[in-house]
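Please read them with the structure open alongside.

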Amino acid sequence: MSIQIKQISKQFGDFQALKPLDLTINEGELVGLLGPSGSGKTTLLRIIAGLETADQGQILFSGKDVTNLHVRDRKVGFVFQHYALFRHMTVAENVAFGLDVLPKKQRPTKATIKQQVAELLDKVQLSHLASRYPAQLSGGQKQRIALARALAMQPRVLLLDEPFGALDAKVRKELRRWLRNLHDELGFTSVFVTHDQEEALEVSDRVVVMSQGQIEQEATPQDLYQQPASRFVYDFLGGVNVFEGEVSSLKSNRLEQGKAWVAFPDGYKAEAGQLYLRSHELSLSNQPSATAHLPLKIKAVSLIGAEVRVELEPLGWHSQDLWEVVISHSHYNHWQPQRGDTCFAQPQAGQLFTSNENQALAISWTKEQLLIKTA
Ligand code: ADP
Ligand code: MG
């Protein structure tokens, strides 16, 4: 089922939690709503569900206006961060609950309910826990049961509000892959709220980035990552270093600040602004190159994970935050950088946000232009 949101807005007292916004979610799609705390994600989700009424606008489910339809008639399933299971009921009883309390006319027979619950527990891979009580489950298992309970009602739409937010990182990662697989198998339409950019990019078909009650950008994970539409999105996705500079009075293709400068490649005009450089789109070496002079002092080297993360402090120029560059283990082994060493960053690609507008200019340096002297 598709969901169409038309000019929906919401105010709490004087506070505009949602500015009039439009969004279409296609049938079978898994859309991630991503944004910082307070950006209006939960409010939007609750309006889709019918738990909250919008001040204006319309919600359509598969073209049909459901704006004034009661929550119980919208056939929407929910999973929340703390969707407490009923403590005095077994896992199977929890999953069956919604069906057990249906009016007699709609209620399936006891045998049918039993069979449906068994199938659902099988889907969430927890059949072996059917007769346990919630207190005997881990956090991740509880959320899988909460999902089975929501799916028991055969919802047309599944809404998930930070469902894995309370779980530890490893379990969270497992569960989001599991959710993605289940979604592909069952094909429901879902909206998944998260403030975790990695989670949103990994799980979603499309990501909707929200900020201050507005949609900043909606795009596939790939497009969002490759073409962030604004500084906000860039910053929020993380792992970015900012070089703020003026056009050099000596060389018009150079952006400079203090002792540091970056020369723009042929075909680009340097303009005053902020150059956004992602931590994996920079390399480090012992000497500056022909196109960049960005001296940095190594503050920390972290070997955790697939790559080596180097934290750096500008030398002779200024940046609001420390810089971070990731290098390969093989580069690290060859180079052996130490805390306190000086090195130079070399950008390969970046985006310039000029001072007068919020428009981004994507820049990339070709190998010939780089002329990196490797350490
Ligand atoms: P998010 O889920 O993105 O963290 P919410 O949708 O929960 O954001 O909240 C958006 C803003 O609206 C927040 O500033 C929040 O304090 C405010 N808000 C949400 N619900 C209410 C409410 N029932 N009454 C007053 N303010 C609310
Ligand atoms: Mg929320």
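**Notes on the model**

1. The centres of domain 1 and domain 2, taken over C-alpha atoms, are separated by 41 Å. According to the domain assignment of the chain, domain 1 covers 3–227 and domain 2 covers 239–370. The model is a predicted one, and the points below should be read with that in mind.

2. Strand β8, residues 189–194, is mostly covered, with six of its six residues buried. Thr189, Val191 and Val193 point one way from the strand, while Ser190, Phe192 and Thr194 point the other way, and all of these are buried.

3. Which strands flank β8 by pairing with it? Strand β3 (residues 30–34) is joined to β8 by five bridges and runs parallel to it, and strand β7 (residues 157–161) likewise pairs with β8 in the parallel sense over five bridges. Phenylalanine 192 in β8 figures in both pairings, as the bridge partner of glycine 32 and as the residue that leucine 160 stands opposite. From β7 the chain crosses through helix α5 (residues 169–186) to β8, and this β-α-β crossover is right-handed.

4. Glutamate 199 deserves a look on its own account. The residue lies in helix α6, residues 197–203, and is buried because its relative accessible area is 3%, against a cut-off of under 20%. Leaving aside residues up to four places away in sequence, glutamate 199 touches Phe164, Arg172, Arg176, Phe192 and Thr194; of these, Phe192 and Thr194 point the same way from β8, together with Ser190.

5. Helix α3, residues 110–123, has 14 residues and reaches 20 Å from its first C-alpha to its last, which is close to the 20 Å expected at 1.5 Å a residue. Its buried residues are Ile113, Val117, Leu120 and Leu121. These four lie on the same side of α3, because they cover an arc of only 100° around the axis.

6. What do the buried residues of α3 pack against? Their partners are α2 (91–100) and α4 (139–152). On the face of α3 that is turned away from the buried side, the exposed residues are Ala111 and Asp122.

Conventions. Residues are numbered from 1 along each chain as its sequence is written. Chains are lettered from A and ligands numbered from 1 in the order in which they are written. This is a predicted model: local features need pLDDT of at least 70, side-chain atom pairs count only at pLDDT 80 or more; totals for chains, interfaces and linings use all residues. Side-chain values use heavy atoms; hydrogens and water are left out. Helices (H or I, at least four residues) and strands (E, at least two) are DSSP runs, numbered from the N terminus. The expected span of a helix is 1.5 Å times one less than its number of residues. Buried means under 20% relative accessible area, exposed over 50%, partly exposed in between (1.4 Å probe, protein chains only). The arc is that of the directions from the helix axis to the C-beta atoms. Contact means heavy atoms within 4.5 Å. Two strands pair if DSSP finds at least two bridges between them. A crossover is right-handed if, with the strands pointing away from the viewer, the path from the first strand over the helix to the second runs clockwise. Domain bounds come from an automatic or database domain assignment.
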